[in-house]
Amino acid sequence: MSRKKRTGKNNAQAVPSFSADYRAEGPSPVKTEEEAQDVEIDDFLPQGEDEGEEEVLTKWEGQLEPEPDPQPEEEPLPPPAGAPEGRAARHRGKRRYGIFLGSLVLLLALAGVVSIAGLIGTNIYRTVTDDSALRAYDSFLSTIVMQDPQPFDSPEEADPLFVQNAALWETILKEPSAITGYDDVGRAIISLGSVAAQAEKLFGPDCPFSPSTPSEETFYTFDSSDNTYHVSLFSSDSALTPYTESSRSSGGSTFLRVGYVAPTDEWRNQGAASSEGAVSSPSPVKYMEYEMRTNEETGEEYLYAVRELEE
């Protein structure tokens with residue numbers, strides 16, 4: 001209304017028209033991206049609020065600061081002057097100590113291995129050269145070989161006189177407590193039961209034992225009135241002795257290669273085995289094969305057969 005009053009006189013005059021022709025001649029100025037953004041925001045804000053928007057944008061820009069680039073790993077600072085030589089010396093000392101300690105451990109380990117190998121070798125040698133089992137057969141067969149028996153294939157086939165003689169010697173030499181006294185002529189008195197027990201031990205439970213007085217004069221007689229033997233005692237040094245050279249097992253039996261050593265053999269007449277020039281083994285005059293079996297009741301071995309060896 002005020003404008004009309006001030007221009008009342010010119011109301012009749014035509015007011016020049018205004019048009020915003022965006023197609024004006026001449027190239028439009030090219031605006032940067034920031035200027036374009038400012039223009040767009042200003043167009044939508046009321047007049048007088050531009051300054052506040054500037055502050056908000058400034059705050060956002062402060063909060064959205066870019067993350068700092070990762071810093072490269074810092075290398076360790078060089079040691080102070082004089083330190084490298086000290087550390088190198090300590091490292092050399094530790095290295096020398098480690099080498100010495102490692103060498104000592106290796107030497108001890110080597111000594112242990114050598115010691116163990118020596119013990120194993122000694123045990124193997126003892127096992128290979130151990131003939132204690134064979135010498136045990138010598139002790140068991142001593143009173144049998146004394147009789148130089150004829151071959152037989154079972155105890156039932158053995159000569160009864162041979163069985164009786166071997167059992168008597170077994171009692172005299174290995175069971176001296178079985179002697180109960182002496183007769184008028186100085187002969188030892190031994191009960192029948194003691195001799196029969198030794199016969200069973202030597203020849204097994206199936207061995208037939210028949211006590212009797214031999215038809216030919218010998219070192220004993222049997223008295224059937226009181227079932228006792230009257231035995232003349234004498235040395236057995238002039239008899240043959242066994243030397244078992246080997247053994248093998250087959251079919252539940254053990255087969256022995258038994259040598260017969262004469263009383264004149266140097267091996268029997270020498271002194272201690274460790275003396276200088278001692279003979280380590282005898283030279284048997286002959287060999288026989290002895291078959292041993294086990295008594296199921298006692299678990300002990302006994303002589304089952306005597307055979308000639310086929311050379």
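Modeller: Helices (H or I, at least four residues) and strands (E, at least two) are DSSP runs, numbered from the N terminus. This is a predicted model, where local features need pLDDT of at least 70, side-chain atom pairs count only at pLDDT 80 or more, and totals for chains, interfaces and linings use all residues. Residues are numbered from 1 along each chain as its sequence is written, and side-chain values use heavy atoms, without hydrogens or water.

Colleague: OK. How many helices and strands in the protein?

Modeller: Eight helices and eight strands.

Colleague: And what percentage of the residues is buried?

Modeller: Of the 311 residues, 24% are buried. Buried means under 20% relative accessible area, exposed over 50%, partly exposed in between (1.4 Å probe, protein chains only).

Colleague: Let's pick a residue. Where does serine 253 lie?

Modeller: Serine 253 lies in strand β6, which covers residues 253-261.

Colleague: Buried or exposed?

Modeller: Serine 253 has a relative accessible area of 4%, so it is buried.

Colleague: What does its side chain make a polar contact with?

Modeller: The side chain of glutamate 291, at 2.9 Å. A polar contact is an N or O pair within 3.5 Å; within protein, one atom must be able to donate a hydrogen and the other to accept it, and residues adjacent in sequence count only if both atoms are side-chain atoms. Leaving out neighbours within four places in sequence, serine 253 is in contact (heavy atoms within 4.5 Å) with Arg248, Glu291, Met292 and Arg293.

Colleague: Now threonine 244. Which strand?

Modeller: β5, residues 241-250. Threonine 244 is at 0% relative accessibility, so it counts as buried.

Colleague: Which side chain is joined to threonine 244 by a polar contact?

Modeller: That of aspartate 138, at 2.7 Å. Beyond four places in sequence, threonine 244 is also in contact with residues including Leu134, Tyr137, Leu256 and Val258.

Colleague: Switching to the core. Which residues have the most contacts inside the largest nonpolar core?

Modeller: Leu141, Ile144, Phe203 and Tyr290, in a core of 39 residues. Such a core is a set of buried Ala, Val, Leu, Ile, Met, Phe, Trp, Tyr and Cys residues joined through side-chain atoms within 4.5 Å.

Colleague: Which element gives the largest share?

Modeller: α6, with seven residues. Among the others supplying at least two residues each are α5, α7 (192-203) and β7 (286-294).

Colleague: And what does tyrosine 290 touch?

Modeller: Not counting residues up to four places away in sequence, its partners include Leu141, Ile144, Pro149, Phe255 and Leu303.
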